[in-house]
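Reader: I am new to this structure. Please show me how to read it, one feature at a time.

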Amino acid sequence: MLTLSNVSKSFPGVKALSGMQLDVRAGEIHALVGENGAGKSTLTKIIAGVYQPDEGQIEFDGEIAHWATPGAAKAAGIHVIYQEFVLFPHMTVAENIFIGHERRGAFGLVDHRQTRKDAVELLHRLGVDIDPDRRVVELSVADQQMVEIAKAMVHKVKLLILDEPTAVISGKEVELLFQRLQALRADGVGIIYISHRLEEIFEICDRVTVLKDGQFVASHPTAEVDRDRLVSLMVGRDMQELFPPKADPATIGAVVLEARGVVAAGRVRGASISLRAGEVTALAGMVGSGRTELALAIFGGLEMTEGEVVIGGQTFRKMTPAKAIAQGIGLLTEDRKGQGLAMLLDVASNITAADLDAVSRWGLVDRRQEDAIARAEITAYQIACRGPQNPVVTMSGGNQQKVLVSRWARTCRKVLILDEPTRGVDVGAKAEIYRIMREMAAKGIAVLMISSELPEVIGMADRVVVMREGMIGGELSGDQISEERIMQVATQKIAA
Amino acid sequence: MTVIRTRAQSEFLRRNGSQIIVVGLLVVLAIVGVLVSDRFASVNNIMNILEQSVTLAIVSLGQTLTVLTGGIDLSVGSLISLASVLLSGITNGDPAMVFPAIMIVLALGICVGLLNAAAVIWLKVHPLIVTLGMGAALQGVTLLYTMGPAGKMPLGFDVLAYGRFLGLPVGAVITVALFLGTAFFLRYARFGRYVYAIGDDAVGAQLMGLPRAKVLLFVYAFSGFMAALTAIFLVSRFGVGQPYTGANFTLTSITPVVVGGTLLAGGRGGVIGTLLGVYLVSLLNNVLNYMDISSHYQLIVQGLIVIIAVSVYVEKKRKL
């Protein structure tokens, strides 16, 4: 139903797509995979009418299509669920679901009662329990994603595109989503499914197209390829190379940080965790189980209402980021653009941001010294950029993340906390970040990694602490670490 | 049950919190007024407040819509000045010319609004700059046309400003009708929904295929039309158009909008809040008059109110 042939698109200075081809049939779920920067987003936006191709041809439903605006593509029956949601935060759930397709009564006026009624029915059909009268800004990210999915079901879609739909949902919601997608497939809807999670692709997709560097690599039925083959098509390297070997139990040292009975932000309800030198500990659990909040509380970014943090022989009841940094703790936040990097500043300024004392004399920053440090880090971490003066905003997600890692690697002496360190990062950069984490541990630092990606948890962690409803649900180590065990601990009901 | 009720109550408070504050302030001001002067609570004075608030109300109504889309219209002041001199200049005392002059002036308002919107949409210039520039240009046109009061209106044209309808000021009745109509439109018309959507998330609105250009054209034309209507009421009150008569309206038209709880960033608020804001400002000026405080101080107070109101309603940034 959708055929792209020889599609190219350039932006000033970058060739985003060249000679791209894609063929999606009605009633199939077609996976689109590739590293970050491979051109998936550009391709999506061309199909959605946001961008117009420089060359090539799009055929949709047997006709040559030229969509000048997103509205035109939408009218043709194409619906996109973008990774960055298209929701109106101050409108209610019901209003958002029917925006552009308002339920109307007499004289063409918006019928609010009908809108609400239909929204309730639609959400019920999706199997989620969301109050249609709440404003979207108050919903959890997972619920926002479900609203996005509900929007796609309002009108007759012929082609549905989902960009990383499971990045912020987990467990039951993923299952519900997959059920809906299968039902849509049965109705003859064509679905393009973009995901970094390869296991999902094998679970739900019929065919897969691989992109690399803006070019078409291959297209296969999913039954005919395996995970390793897919990864090697995407990057040209093997899966086994992704994770460095785990720590030898003999090299794991003493407890360097202990958090006891932490209560914070209503999301953490009495969690205790201890971190050991030389060990990579993964903090697993569902989205919303309080992982990020626990990490923030330890770092002092969230106020602890109860509990204490013990580090360096001192007990802290009130932690602040300044004290945490002084104690040798580093934190890479989940939201690297909002809370980590100064996007418009250059690589050098970002690397030295948490440690300006080291490059300052008499309160002035020595740019030459800063420059030298930045050059060393760029080489050490293989950060792809034009040099220390390159603004980070122009760099890829993976390289931005490396800048952050190098910043904290410079200042943290005891504990490094990383919240979803590889989200939105391509496979090559992932391997690099894993290697750095392991190196830090080998230097005797206690590494705490928060991750929703189970393969990553299993591949990296010496020990897995699983959170559930704000408390520690259980701990796994060595051979106990498996997807089944983690999910089991993360989802079981707390014994009464 | 109790849980549901408290949620519904807090919902009501959150959605109408700003209006409740404004109503509270209105009550406080009224009490102060009664204490300051025994003439304050007279029918005459209340009619007077209603009459004087008409022009501010109408121009603020238009302004509310531009702010809801995340924009602003800073050309209204000069547009009012130009419309007022054209109205009395073209009419020039001839009763037969009143109707054509009104039509010309209203059409002018719409055209200016459409031009503003076109620059915002197609030249991709921020509304702040577009309308500021438009305002300067219109003031220039006004002064080219006349340096002083222009023409005059025939006898009887002051019915708009001082007439009574069922015992109430004509202008106040028209004002309330316009506000209710616009509130209805915002809530029940698809276009009304889009006004909010565009202000809430402009990029998202485009990705959803919502007609941003049409909505902006409508909203700025509406604002221009309301500014021209304001000029008509002003000329009715003064009997003649003057080249600086609208100058203060650029700022004062924004005051009731933000006082009434409409976010400057757009996407949230409404016209009823604006109407309450208008009455708050009018009542405040009235009370200050009774306290013998000069109009210069009133200007100072208004400037402060805008800043305070915005600081109160601004969405607090999320902490780390």
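**Reading the fold and the contact**

Author: Start with overall size. The radius of gyration is taken over C-alpha atoms, and the globule rule is 2.2 Å times the number of residues to the power 0.38. With 496 residues, a compact globule would come near 23 Å; chain A has 24 Å, which agrees. This is a predicted model: local features need pLDDT of at least 70, side-chain atom pairs count only at pLDDT 80 or more, and totals for chains, interfaces and linings use all residues. Residues are numbered from 1 along each chain as its sequence is written, while chains are lettered from A and ligands numbered from 1 in the order written.

Reader: How many residues of chain A are buried, as a percentage?

Author: Buried means that 20 or more other C-beta atoms, placed from the backbone, lie within 10 Å of the residue's own. In chain A, that covers 46% of the 496 residues.

Reader: Where is confidence lowest in chain A, and where highest?

Author: pLDDT is the predictor's confidence in each residue, from 0 to 100. Where pLDDT is low, the predicted coordinates should not be read in detail. Helix H11 (residues 336-340) of chain A has the lowest mean, 64. Strand E8 (residues 190-194) of chain A has the highest, 94. Helices (H or I, at least four residues) and strands (E, at least two) are DSSP runs, numbered from the N terminus.

Reader: How many residues does each chain give to the contact?

Author: Two residues are in contact if their C-beta atoms, placed from the backbone, lie within 7 Å. Chain A gives 20 residues and chain B gives 17. On the chain B side, H8(B) supplies the largest share, five residues.

Note on methods: A residue is buried if 20 or more other C-beta atoms lie within 10 Å of its own, exposed if 12 or fewer, and partly exposed in between; C-beta atoms are placed from the backbone.
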